[in-house]
Amino acid sequence: MRPAYGPGAAESPGPCCHNGGVTRASLDKQPHEVASMFDDVAERYDLTNDVLSLGQDRVWRREVAKAVDARPAQKILDLAAGTATSSLPFARTGAYVVPCDFSLGMLRVGKRNHPWLPLTAGDATKLPFKDDTFDAVTISFGLRNVQETDTALSELYRVTKPGGRVVICEFSHPTWAPFRTVYTEYLMRALPPVARAVSSNPDAYVYLAESIRAWPNQPELAEKLRKAGWSKVAWRNLTGGVVALHRGFKTA
Ligand SMILES: C[S@@+](CC[C@H](N)C(=O)[O-])C[C@H]1O[C@@H](n2cnc3c(N)ncnc32)[C@H](O)[C@@H]1O
(Lines give C-alpha, C1' and ligand atoms only; values in the text may rest on other atoms or scores of the structure.)
Protein backbone atom coordinates (compact mmCIF):
# COMPACT_ATOMS: atom_id res chain seq x y z
CA MET A 1 0.00 0.00 0.00
CA ARG A 2 1.22 3.47 -0.89
CA PRO A 3 1.83 5.96 1.93
CA ALA A 4 -0.44 9.03 1.92
CA TYR A 5 2.43 11.25 3.08
CA GLY A 6 6.19 11.20 2.92
CA PRO A 7 8.59 10.31 0.15
CA GLY A 8 6.56 7.42 -1.29
CA ALA A 9 3.58 9.68 -1.91
CA ALA A 10 5.55 11.95 -4.24
CA GLU A 11 6.32 9.10 -6.61
CA SER A 12 2.92 7.48 -6.40
CA PRO A 13 1.22 7.20 -9.79
CA GLY A 14 -2.39 6.71 -8.72
CA PRO A 15 -5.08 8.50 -6.76
CA CYS A 16 -6.16 7.54 -3.25
CA CYS A 17 -9.75 6.53 -2.61
CA HIS A 18 -12.19 6.36 0.26
CA ASN A 19 -15.81 5.24 0.30
CA GLY A 20 -15.38 4.41 -3.38
CA GLY A 21 -14.61 8.05 -4.34
CA VAL A 22 -11.34 9.65 -5.42
CA THR A 23 -9.82 11.75 -2.62
CA ARG A 24 -6.80 13.07 -4.46
CA ALA A 25 -5.81 13.33 -8.10
CA SER A 26 -2.50 12.04 -9.40
CA LEU A 27 -0.11 14.17 -11.42
CA ASP A 28 -1.56 13.00 -14.74
CA LYS A 29 -4.66 14.99 -13.66
CA GLN A 30 -7.41 12.74 -14.99
CA PRO A 31 -10.40 15.13 -15.21
CA HIS A 32 -12.79 12.84 -13.28
CA GLU A 33 -10.22 12.48 -10.47
CA VAL A 34 -9.63 16.25 -10.30
CA ALA A 35 -13.38 17.03 -10.26
CA SER A 36 -14.02 14.36 -7.64
CA MET A 37 -11.18 15.62 -5.44
CA PHE A 38 -12.60 19.16 -5.50
CA ASP A 39 -16.13 17.84 -4.84
CA ASP A 40 -14.61 16.32 -1.72
CA VAL A 41 -12.92 19.47 -0.37
CA ALA A 42 -15.70 21.89 -1.38
CA GLU A 43 -17.33 22.42 2.04
CA ARG A 44 -14.15 23.57 3.78
CA TYR A 45 -12.27 24.80 0.72
CA ASP A 46 -12.28 28.54 1.54
CA LEU A 47 -11.38 28.09 5.21
CA THR A 48 -8.53 25.72 4.34
CA ASN A 49 -7.17 28.22 1.80
CA ASP A 50 -7.04 30.99 4.38
CA VAL A 51 -5.21 28.78 6.88
CA LEU A 52 -2.70 27.14 4.52
CA SER A 53 -1.77 30.37 2.75
CA LEU A 54 -1.45 32.16 6.11
CA GLY A 55 -4.03 34.70 4.91
CA GLN A 56 -1.98 35.56 1.80
CA ASP A 57 -4.80 34.38 -0.50
CA ARG A 58 -6.69 37.62 0.25
CA VAL A 59 -3.69 39.73 -0.78
CA TRP A 60 -3.29 37.68 -3.99
CA ARG A 61 -6.99 38.09 -4.86
CA ARG A 62 -6.72 41.87 -4.46
CA GLU A 63 -3.80 41.89 -6.90
CA VAL A 64 -5.75 39.75 -9.40
CA ALA A 65 -8.65 42.23 -9.21
CA LYS A 66 -6.29 45.13 -9.95
CA ALA A 67 -4.73 43.25 -12.89
CA VAL A 68 -8.11 42.30 -14.42
CA ASP A 69 -9.37 45.86 -13.87
CA ALA A 70 -13.01 44.90 -14.45
CA ARG A 71 -15.37 47.78 -15.33
CA PRO A 72 -19.16 48.10 -14.97
CA ALA A 73 -21.05 46.09 -17.64
CA GLN A 74 -17.92 44.31 -18.89
CA LYS A 75 -18.26 40.54 -19.28
CA ILE A 76 -15.69 38.62 -17.26
CA LEU A 77 -15.13 34.86 -17.30
CA ASP A 78 -13.71 33.46 -14.06
CA LEU A 79 -12.68 29.98 -15.15
CA ALA A 80 -12.14 27.21 -12.59
CA ALA A 81 -13.95 29.50 -10.18
CA GLY A 82 -14.71 26.74 -7.67
CA THR A 83 -16.88 28.18 -4.90
CA ALA A 84 -16.79 31.58 -6.71
CA THR A 85 -14.75 33.29 -4.00
CA SER A 86 -12.34 34.32 -6.76
CA SER A 87 -15.26 35.86 -8.73
CA LEU A 88 -16.45 38.24 -6.00
CA PRO A 89 -13.92 41.08 -6.54
CA PHE A 90 -15.02 41.34 -10.20
CA ALA A 91 -18.73 41.26 -9.34
CA ARG A 92 -18.21 44.12 -6.86
CA THR A 93 -17.03 46.44 -9.66
CA GLY A 94 -20.39 46.15 -11.45
CA ALA A 95 -19.01 43.83 -14.13
CA TYR A 96 -21.04 40.81 -15.27
CA VAL A 97 -18.96 37.87 -14.05
CA VAL A 98 -19.53 34.26 -15.05
CA PRO A 99 -17.93 31.76 -12.64
CA CYS A 100 -17.36 28.46 -14.49
CA ASP A 101 -16.08 25.16 -13.12
CA PHE A 102 -16.47 21.42 -13.70
CA SER A 103 -16.73 20.36 -10.04
CA LEU A 104 -20.44 20.27 -9.22
CA GLY A 105 -19.55 20.05 -5.51
CA MET A 106 -17.64 23.35 -5.65
CA LEU A 107 -20.41 24.99 -7.74
CA ARG A 108 -23.04 23.84 -5.24
CA VAL A 109 -21.23 25.54 -2.34
CA GLY A 110 -20.76 28.62 -4.54
CA LYS A 111 -24.47 28.77 -5.43
CA ARG A 112 -25.48 28.41 -1.78
CA ASN A 113 -23.16 31.25 -0.70
CA HIS A 114 -23.66 33.57 -3.69
CA PRO A 115 -27.07 32.73 -5.21
CA TRP A 116 -27.08 35.84 -7.45
CA LEU A 117 -24.00 34.75 -9.45
CA PRO A 118 -24.55 32.89 -12.78
CA LEU A 119 -22.43 29.85 -11.83
CA THR A 120 -21.94 27.67 -14.90
CA ALA A 121 -20.81 24.08 -15.26
CA GLY A 122 -18.13 23.74 -17.92
CA ASP A 123 -14.81 22.15 -18.79
CA ALA A 124 -11.83 24.43 -19.41
CA THR A 125 -10.84 22.39 -22.46
CA LYS A 126 -14.28 22.69 -24.09
CA LEU A 127 -15.84 25.92 -22.88
CA PRO A 128 -19.62 26.28 -23.26
CA PHE A 129 -19.35 29.83 -24.66
CA LYS A 130 -19.33 31.34 -28.16
CA ASP A 131 -16.23 32.87 -29.75
CA ASP A 132 -15.36 36.49 -28.78
CA THR A 133 -17.74 36.68 -25.78
CA PHE A 134 -15.73 38.13 -22.87
CA ASP A 135 -13.87 41.41 -22.29
CA ALA A 136 -11.55 39.64 -19.88
CA VAL A 137 -10.92 36.03 -18.90
CA THR A 138 -9.18 34.99 -15.73
CA ILE A 139 -8.30 31.83 -13.85
CA SER A 140 -7.02 31.69 -10.26
CA PHE A 141 -5.29 28.56 -8.96
CA GLY A 142 -7.09 26.53 -11.61
CA LEU A 143 -4.86 26.16 -14.66
CA ARG A 144 -2.37 23.92 -12.81
CA ASN A 145 -5.20 21.42 -12.29
CA VAL A 146 -6.28 21.23 -15.93
CA GLN A 147 -4.90 18.17 -17.67
CA GLU A 148 -4.55 19.87 -21.07
CA THR A 149 -3.09 23.27 -20.18
CA ASP A 150 -2.47 24.31 -23.80
CA THR A 151 -6.02 23.48 -24.87
CA ALA A 152 -7.41 25.53 -21.96
CA LEU A 153 -5.24 28.52 -22.93
CA SER A 154 -6.53 28.26 -26.53
CA GLU A 155 -10.12 27.97 -25.34
CA LEU A 156 -9.68 31.08 -23.17
CA TYR A 157 -8.33 32.86 -26.24
CA ARG A 158 -11.26 31.73 -28.38
CA VAL A 159 -13.94 33.09 -26.02
CA THR A 160 -12.17 36.45 -25.48
CA LYS A 161 -13.20 39.47 -27.59
CA PRO A 162 -10.49 40.93 -29.86
CA GLY A 163 -8.65 43.48 -27.73
CA GLY A 164 -9.59 41.56 -24.55
CA ARG A 165 -7.22 40.34 -21.85
CA VAL A 166 -6.32 37.28 -19.82
CA VAL A 167 -5.00 37.18 -16.25
CA ILE A 168 -3.71 33.94 -14.79
CA CYS A 169 -3.02 33.68 -11.08
CA GLU A 170 -1.15 30.51 -10.22
CA PHE A 171 1.37 29.13 -7.76
CA SER A 172 4.84 29.47 -9.21
CA HIS A 173 8.49 29.25 -8.24
CA PRO A 174 10.14 31.66 -5.75
CA THR A 175 12.98 33.46 -7.48
CA TRP A 176 15.40 33.78 -4.49
CA ALA A 177 17.07 30.40 -3.97
CA PRO A 178 17.24 30.42 -0.10
CA PHE A 179 13.54 31.34 0.10
CA ARG A 180 12.73 28.68 -2.51
CA THR A 181 14.36 26.06 -0.26
CA VAL A 182 12.39 27.14 2.83
CA TYR A 183 9.15 27.29 0.82
CA THR A 184 9.65 23.82 -0.68
CA GLU A 185 10.21 22.48 2.84
CA TYR A 186 6.92 24.12 3.90
CA LEU A 187 5.09 22.56 0.96
CA MET A 188 6.38 19.05 1.45
CA ARG A 189 6.63 18.84 5.27
CA ALA A 190 4.47 21.41 7.09
CA LEU A 191 1.53 21.69 4.71
CA PRO A 192 0.26 18.07 4.89
CA PRO A 193 -0.03 17.98 8.73
CA VAL A 194 -1.71 21.40 8.81
CA ALA A 195 -4.09 20.24 6.06
CA ARG A 196 -4.84 17.12 8.14
CA ALA A 197 -6.05 19.39 10.97
CA VAL A 198 -8.17 21.71 8.81
CA SER A 199 -9.32 20.08 5.59
CA SER A 200 -12.09 17.58 4.95
CA ASN A 201 -9.64 15.79 2.61
CA PRO A 202 -5.97 16.17 3.60
CA ASP A 203 -4.83 13.89 0.75
CA ALA A 204 -5.88 16.59 -1.71
CA TYR A 205 -3.24 18.85 -0.19
CA VAL A 206 -0.49 16.30 -0.88
CA TYR A 207 -1.57 16.63 -4.52
CA LEU A 208 -1.42 20.44 -4.08
CA ALA A 209 2.22 20.31 -2.98
CA GLU A 210 3.22 17.86 -5.72
CA SER A 211 1.42 19.75 -8.49
CA ILE A 212 3.02 23.07 -7.48
CA ARG A 213 6.50 21.54 -7.65
CA ALA A 214 5.80 20.07 -11.10
CA TRP A 215 4.27 23.27 -12.55
CA PRO A 216 6.16 25.30 -15.25
CA ASN A 217 8.14 28.28 -14.00
CA GLN A 218 7.30 31.88 -14.90
CA PRO A 219 9.03 32.10 -18.36
CA GLU A 220 7.78 28.63 -19.32
CA LEU A 221 4.15 29.55 -18.61
CA ALA A 222 4.60 32.83 -20.52
CA GLU A 223 5.78 30.81 -23.53
CA LYS A 224 2.66 28.62 -23.35
CA LEU A 225 0.48 31.74 -23.41
CA ARG A 226 2.29 33.04 -26.52
CA LYS A 227 1.89 29.68 -28.24
CA ALA A 228 -1.87 29.83 -27.59
CA GLY A 229 -2.00 33.16 -29.45
CA TRP A 230 -1.80 35.71 -26.62
CA SER A 231 0.31 38.81 -27.25
CA LYS A 232 2.14 41.29 -25.00
CA VAL A 233 2.60 38.50 -22.45
CA ALA A 234 4.17 39.56 -19.16
CA TRP A 235 4.15 38.42 -15.53
CA ARG A 236 4.55 39.79 -12.04
CA ASN A 237 5.67 37.81 -8.99
CA LEU A 238 3.71 38.01 -5.73
CA THR A 239 5.17 36.94 -2.36
CA GLY A 240 8.60 36.46 -3.92
CA GLY A 241 7.28 34.21 -6.69
CA VAL A 242 5.15 31.89 -4.54
CA VAL A 243 2.43 33.12 -6.88
CA ALA A 244 2.79 34.68 -10.35
CA LEU A 245 0.27 36.80 -12.25
CA HIS A 246 0.57 36.32 -16.01
CA ARG A 247 -1.29 38.59 -18.39
CA GLY A 248 -1.76 38.72 -22.15
CA PHE A 249 -3.96 40.31 -24.81
CA LYS A 250 -5.94 39.11 -27.82
CA THR A 251 -4.90 41.32 -30.71
CA ALA A 252 -7.73 43.65 -31.76
C1 LIG B 1 -7.88 25.38 -6.44
S2 LIG B 1 -9.49 25.54 -7.10
C3 LIG B 1 -9.57 27.28 -7.45
C4 LIG B 1 -10.93 27.87 -7.22
C5 LIG B 1 -11.00 29.39 -7.31
N6 LIG B 1 -10.60 29.88 -8.61
C7 LIG B 1 -10.19 30.04 -6.24
O8 LIG B 1 -9.29 30.84 -6.55
O9 LIG B 1 -10.47 29.80 -5.06
C10 LIG B 1 -9.29 24.83 -8.68
C11 LIG B 1 -10.57 24.62 -9.43
O12 LIG B 1 -10.25 24.22 -10.76
C13 LIG B 1 -11.32 23.43 -11.22
N14 LIG B 1 -10.91 22.72 -12.44
C15 LIG B 1 -9.86 21.90 -12.60
N16 LIG B 1 -9.82 21.44 -13.86
C17 LIG B 1 -10.88 22.00 -14.51
C18 LIG B 1 -11.37 21.91 -15.84
N19 LIG B 1 -10.78 21.13 -16.76
N20 LIG B 1 -12.47 22.62 -16.17
C21 LIG B 1 -13.09 23.40 -15.24
N22 LIG B 1 -12.68 23.51 -13.98
C23 LIG B 1 -11.58 22.83 -13.61
C24 LIG B 1 -11.59 22.52 -10.03
O25 LIG B 1 -12.85 21.88 -10.11
C26 LIG B 1 -11.46 23.50 -8.88
O27 LIG B 1 -12.69 24.03 -8.48
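This is a predicted model: local features need pLDDT of at least 70, side-chain atom pairs count only at pLDDT 80 or more; totals for chains, interfaces and linings use all residues.
Q: Two strands pair if DSSP finds at least two bridges between them. So what order do the strands of the open sheet take?
A: The order is S5-S4-S3-S6-S7-S9-S8, seven strands with mixed pairing. Strands here are DSSP runs (E, at least two residues), helices are H or I runs of at least four, and both are numbered from the N terminus.

Q: Which are the edge strands?
A: Strand S5 (120–121) and S8. Each pairs on one side only.

Q: What does S8 pair with, and in which sense?
A: S8 (residues 231–238) pairs with S9 (residues 243–249) in the antiparallel sense. Six bridges join S8 and S9.

Q: Which residue stands opposite Ser231?
A: Phe249 in S9.

Q: And the turn of that hairpin? Which residue takes a positive phi?
A: Thr239, near 50 degrees. Four residues lie between S8 and S9 in the hairpin.

Q: Over to S3 and S4. Parallel or antiparallel?
A: Parallel. S3 (residues 75–79) and S4 (residues 96–101) are joined by five bridges. One partner to look up: Leu77 bridges to Val98 in S4.

Q: Which strands does H7 touch on the sheet?
A: H7 (residues 149–159) packs on the sheet and touches S3, S6 (134–140) and S7 (160–171). The direction of H7 makes about 145 degrees with that of S7. Angles run from 0 to 180 degrees between N-to-C directions, and axes are lines fitted to C-alpha atoms, for helices over the stretch in contact.

Q: What about H7 against H10?
A: H7 and H10 (residues 218–227) pack at about 50 degrees, axes 9 Å apart. Thr149, Asp150 and Leu153 of H7 make the contact with Lys224, Leu225 and Lys227 of H10. Contact needs C-beta atoms, placed from the backbone, within 7 Å.

Q: How do the residues of that contact split by class?
A: The contact of H7 with H10 has two nonpolar, one polar and three charged residues. Nonpolar covers Ala, Val, Leu, Ile, Met, Phe, Trp, Tyr, Cys and Pro; charged covers Asp, Glu, Lys and Arg; the others, Gly among them, are polar.

Q: New topic: H8. At what angle does H8 pack with H9?
A: About 155 degrees. H8 spans residues 177–198, H9 spans residues 203–214, and their axes are 9 Å apart. From H8 come Leu187, Met188, Leu191, Pro192 and Ala195; from H9 come Tyr205, Val206, Ala209, Ile212 and Arg213. By class, the contact of H8 with H9 has nine nonpolar, no polar and one charged residues.

Q: How does H3 pack with H8?
A: H3 (residues 45–52) packs with H8 at about 145 degrees, with axes 10 Å apart. Leu47, Thr48, Val51 and Leu52 of H3 meet Leu191, Val194, Ala195 and Val198 of H8. The contact of H3 with H8 has seven nonpolar residues, one polar and no charged.

Q: Now the ligand. How many residues surround the ligand, and which are the closest?
A: 21 residues surround the ligand. The closest are Ala80, Gly82, Ser86, Ser103 and Ala124. Near means a C-beta atom, placed from the backbone, within 6 Å.

Q: Which element gives the largest share of the shell?
A: Helix H2 (residues 31–41), with four residues.

Q: And how does the shell divide by class?
A: The shell around the ligand has 11 nonpolar, eight polar and two charged residues.

Technical notes: Residues are numbered from 1 along each chain as its sequence is written. Two residues are in contact if their C-beta atoms, placed from the backbone, lie within 7 Å.
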